[in-house]
Amino acid sequence: MTDQTHEASQVRAAAQLLRRRRFLTVTGAAAALAFATNLPGAGAAQAAELDPRRIADDPFTLGVASGDPLPTSVLLWTRLAPRPFEADSGLPRARVNVRWEVAHDERFTRIVRRGTEPAHPEFHHSVHVEVDGLDTDRVYYYRFRAGSWISPTGRTRTAPARNARTSELRLAAVSCQAFHDGYYTAFGHLAQEDVDVVFHLGDYLYEYAVTAVGGQRNYTDRRLPAHFNRETITLEDYRLRYGLYKSDPDLRAAHAAHPFVVTWDDHETENNYADGTPENDVPPEEFLLRRAAAYRAYWENQPLRRPQLPSGPDMRLYRRLRFGRLAQFDILDTRQYRSDQAYGDTAHVPGPESEDPTRTMTGAEQERWLIDGWRASTTTWNVVPQQVTFSERRLDLNPVAKLSMDAWDGYPASRERLLAGAESAGVENLMVLTGDVHVAYGFDIKRDFADPDSRTVGTEIATTSISSGRDGAERPATWDTYTRANPHLKFYDGRRGYVTVTLGAQQARADYRVVPVVTTPGSGISTAASFVTAVGDHGLRPA
């Protein structure tokens with residue numbers, strides 16, 4: 001029996017203990033995950049301690065990262081992995097104490113905070129340090145030490161004070177980085193950009209197999225291990241796949257250069273899953289065990305704080321960040337709580353199934369949280385980083401056009417509740433940041449998409465993919481159809497890249513940055529287009 005077959009049989013055996021979703025308590029799910037992955041249960045982190053001086057090879061192969069900046073705090077991350085392509089990452093099953101330092105300067109002559117954090121084998125020797133007591137709105141440098149090994153230096157920054165009159169905030173939005181589809185050239189360029197924070201909108205990892213030559217990367221100087229050439233199912237699979245993705249130098253450079261705020265889409269677990277419903281025909285209990293493994297590996301490999309630590313197949317990822325009086329960011333999770341896609345998740349005209357008023361994209365609790373947050377907001381901009389296309393996107397020129405059932409078009413009642421909630425809350429400057437679609441869009445958000453003359457109530461900025469979809473094209477095959485069918489679509493480009501958004505007191509500016517190819521490394525970058533939208537006067541206009 002192969003290791004993969006053995007692990008799959010363990011998952012199925014654990015799933016048999018969980019006959020029905022409503023009986024899957026958090027405690028039961030955590031126990032089942034432990035059973036399925038040979039992990040100790042809660043409170044059993046009793047591993048022996050490893051003297052870090054005994055680590056023979058560089059343990060910082062996956063780099064460093066920071067995330068979720070607050071006015072006086074940042075989250076620092078690393079994971080010890082001398083051999084990241086091996087299941088144990090080259091470390092014994094023992095706790096390692098890792099030292100960390102935060103300084104005002106890159107040479108660490110003015111260290112302001114330092115400490116020690118254990119890297120537990122139960123969490124794959126990942127390290128999450130919540131550093132407090134920092135100055136507001138300030139750049140810091142950080143690093144880790146394990147024995148004689150010193151990590152690369154990372155650069156991060158804190159958020160402005162809650163009531164600070166911040167004049168400008170520059171962010172980048174990225175998404176969709178299928179390793180097997182090409183190089184992360186765009187991340188290398190992003191590492192050189194002057195941005196305050198990066199929002200990753202999902203599909204950080206793909207569950208699909210990666211061949212020995214790295215798919216479209218077509219390596220000639222290396223061969224990847226065979227265990228990457230299969231779909232991720234188990235905790236070990238997901239952990240190994242993060243090791244592969246984070247081995248990319250351009251991704252490591254972007255993480256080291258800027259704090260990231262991350263949220264997932266579907267591929268971090270499985271394509272187009274919806275809550276507890278998988279894409280494939282497997283028992284729901286078995287899928288929830290897979291989801292638990294995916295969520296745990298996600299937390300282990302991302303710069304996330306303790307409130308985001310998963311419990312079995314549940315993880316509270318939606319959260320709120322504020323940057324002075326300028327901007328509030330409500331980061332959504334549109335996968336974990338959504339209703340199943342209507343009409344078998346195929347493109348379909350609107351109908352009773354998709355227009356069922358009980359359908360939800362966010363779940364009731366997250367929806368209330370978002371609208372209540374808008375009501376309490378006192379910032380100029382209210383920005384919603386999330387995953388799938390929010391604005392209506394007609395896919396053909398028929399009088400009644402087909403729509404995507406995976407996007408908000410498949411959940412129109414849920415979208416209407418949010419638009420009505422923003423209106424009742426008095427949100428004046430709404431911006432939605434979107435990933436998923438592997439192209440760049442710029443939409444005017446209409447109060448009634450059926451009426452082209454309807455009031456514009458916000459702006460949607462969709463970033464293209466980093467690599468997913470391989471080499472793109474400036475005008476994809478659907479460009480003419482989509483631009484004609486959707487008059488509120490103001491920009492459409494199919495090349496790879498990212499978007500930067502500068503939020504100001506008077507206007508916001510979006511710069512769509514693109515690279516010509518990703519199947520070969522080292523291409524340059526350019527700005528495909530720039531648009532502005534004014535405070536209190538919604539609508540995208542060429543800059």
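Let's start at Thr 362: if you skip the neighbours within four places in sequence, Thr 362 is in contact (heavy atoms within 4.5 Å) with Asp 333, Tyr 337, Glu 367, Trp 408 and Ser 414. Keep in mind that this is a predicted model, where local features need pLDDT of at least 70 and side-chain atom pairs count only at pLDDT 80 or more, while totals for chains, interfaces and linings use all residues. Residues are numbered from 1 along each chain as its sequence is written, and side-chain values use heavy atoms, with hydrogens and water left out.

Thr 362 sits in the loop between E14 and H7; helices (H or I, at least four residues) and strands (E, at least two) are DSSP runs, numbered from the N terminus. With a relative accessible area of 2%, Thr 362 is buried. Buried means under 20% relative accessible area, exposed means over 50%, and partly exposed is in between, using a 1.4 Å probe and protein chains only. The loop between E14 and H7 also holds Asp 345, which is partly exposed at 26% relative accessibility. Asp 345 has a positive phi of about 60° even though it isn't a glycine.

Follow the chain into helix H7 (residues 364-376), which lies across E13, strand E14 (327-331), strand E15 (381-385) and strand E16 (430-434). H7 runs at about 175° to E14, with axes taken as lines fitted to C-alpha atoms (for helices, over the stretch in contact) and angles running from 0 to 180 degrees between N-to-C directions. Next comes its packing with helix H8 (residues 412-425): the two axes come within 8 Å and cross at roughly 20°. H7 and H8 are therefore roughly parallel to each other, since angles under 35 degrees count as roughly parallel, over 145 as roughly antiparallel, 65 to 115 as roughly perpendicular and the rest as oblique. On the H7 side, the contact is made by Glu 367, Leu 370, Ile 371, Trp 374 and Arg 375. H8 answers with Ser 414, Arg 417, Leu 418, Gly 421, Ala 422, Ser 424 and Ala 425.

Seven strands make an open sheet in the order E13-E14-E15-E16-E18-E17-E19, with mixed pairing; two strands pair if DSSP finds at least two bridges between them. Strand E13 (319-323) and strand E19 (489-493) are at the edges with a single partner strand each, so one side of each has no neighbour in the sheet. On average, neighbouring strands here are turned by 20° against each other, direction ignored. At the E19 end, strand E17 (residues 440-446) runs antiparallel to E19 and is joined to E19 by 4 bridges. There, Phe 443 stands opposite Leu 489 of E19.

On to the interior. A nonpolar core is a set of buried Ala, Val, Leu, Ile, Met, Phe, Trp, Tyr and Cys residues joined through side-chain atoms within 4.5 Å. The largest one has 43 residues, and Phe 179, Phe 187, Tyr 298 and Met 315 touch the most other members. Two or more residues each come from strand E10 (168-174), helix H3 (185-190), helix H4 (235-245), helix H5 (249-257), strand E12 (260-262) and helix H6 (284-300). H6 gives the most, with 7 residues. Apart from this core lies another, of 30 residues, among them Phe 199, Val 261, Leu 503 and Ala 508. As for Met 315, its contacts beyond four places in sequence include Trp 264, Tyr 298, Asp 333 and Tyr 337.

H4 deserves a stop of its own: 10 of its 11 residues are buried, so H4 is largely enclosed by the rest of the structure. The buried ones include Asp 237, Arg 239 and Arg 241. Tyr 238, also in H4, is buried at 0% relative accessibility. Beyond four places in sequence, Tyr 238 contacts residues including Leu 205, Thr 269, Arg 290 and Ala 297. Tyr 238 and Thr 269 are 31 residues apart along the chain, with 8.6 Å between their C-alpha atoms.

Strand E6 (residues 126-131) has 5 of its 6 residues buried and pairs with strand E3 (residues 73-79) in the antiparallel sense over 6 bridges. In that pairing, His 128 of E6 is the bridge partner of Trp 77.
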